[in-house]
Amino acid sequence: GPVASSRRCSSTPPAFVGSLGLGEGPGPATEGRENAGPTTLVIGRLKKTSAKSLLRIVCGDHGDALCDYAFVPQDRLADGSLRNFRFGFVNFKNPADAAAALANGLGRKRYTVRVADVQGVQENIQEFWEKAEQRGMTGDFTSECRPIVQDASGWSAIPIPKHLEALVNKGSK
């Protein structure tokens with residue numbers, strides 16, 4: 001089979017979706033995070049999954065309404081294909097929706113679900129780039145290997161910070 005290289009990348013709704021508030025409750029946790037409850041979850045036991053397919057697993061057809069961040073760490077294999085590490089991160093806009101997903105285990109026994117150590121969209125983006133810098137900016141930073149975020153125009157890979165562009169281009173070659 002393919003050998004992993006040293007380059008890292010950094011529908012029907014699930015049964016629990018009916019119990020989600022879909023925007024009801026305290027709302028996005030941006031300020032006053034410490035009192036809002038967790039919004040970022042780690043989903044384990046993933047198979048061949050991209051960030052966009054993780055959103056479908058977690059939120060079904062409600063991904064745009066429920067979540068604003070997703071990331072599935074991956075390796076690029078020698079044959080050019082991607083292999084994930086069997087876990088990913090998703091950030092819910094509303095802490096109540098994250099709590100419902102956590103309590104219901106995504107309605108499927110196959111996946112594990114737990115609260116992530118890093119909470120919030122901006123905090124997760126910062127963590128991604130800090131870890132990339134700690135690894136010496138080695139890895140694959142193509143759009144398919146970066147976390148995706150939702151904004152007014154839809155879902156897209158997080159941008160490469162200006163101060164890291166030269167390092168990313170050097171490390172990705």
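Two strands count as paired if DSSP finds at least two bridges between them. Strands (E, at least two residues) and helices (H or I, at least four) are DSSP runs numbered from the N terminus. The model is predicted: local features need pLDDT of at least 70, side-chain atom pairs count only at pLDDT 80 or more, and totals for chains, interfaces and linings use all residues. Residues are numbered from 1 along each chain as its sequence is written, and side-chain values use heavy atoms, with hydrogens and water left out.

Six strands form an open sheet with antiparallel pairing, in the order 7-2-6-3-8-9. Strand 7 (112-115) and strand 9 (154-157) are the edges; each has a single partner strand, so one side of each lacks a neighbour in the sheet. Strand 2 (residues 40-44) pairs with strand 7 over four bridges, and isoleucine 43 has valine 113 as its bridge partner in strand 7.

Angles run from 0 to 180 degrees between N-to-C directions, with axes fitted to C-alpha atoms, for helices over the stretch in contact.

| Helix | Strands | Angle |
|---|---|---|
| Helix 4 (residues 95-104) | strand 2, strand 6, strand 7 | about 140° with strand 7 |
| Helix 5 (residues 121-134) | strand 2, strand 3, strand 6, strand 8 | about 20° to strand 3 |

A nonpolar core is a set of buried Ala, Val, Leu, Ile, Met, Phe, Trp, Tyr and Cys residues joined through side-chain atoms within 4.5 Å; buried means under 20% relative accessible area (1.4 Å probe, protein chains only). The largest core has 22 residues, and Leu41, Ile43 and Val90 are among those with the most contacts inside it. Helix 2 (51-59) is one of the elements giving two or more residues to this core, and it gives the most, six.

Methods
Contact = heavy atoms within 4.5 Å. Buried < 20%, exposed > 50% of the residue type's maximum accessible area, 1.4 Å probe, protein only.
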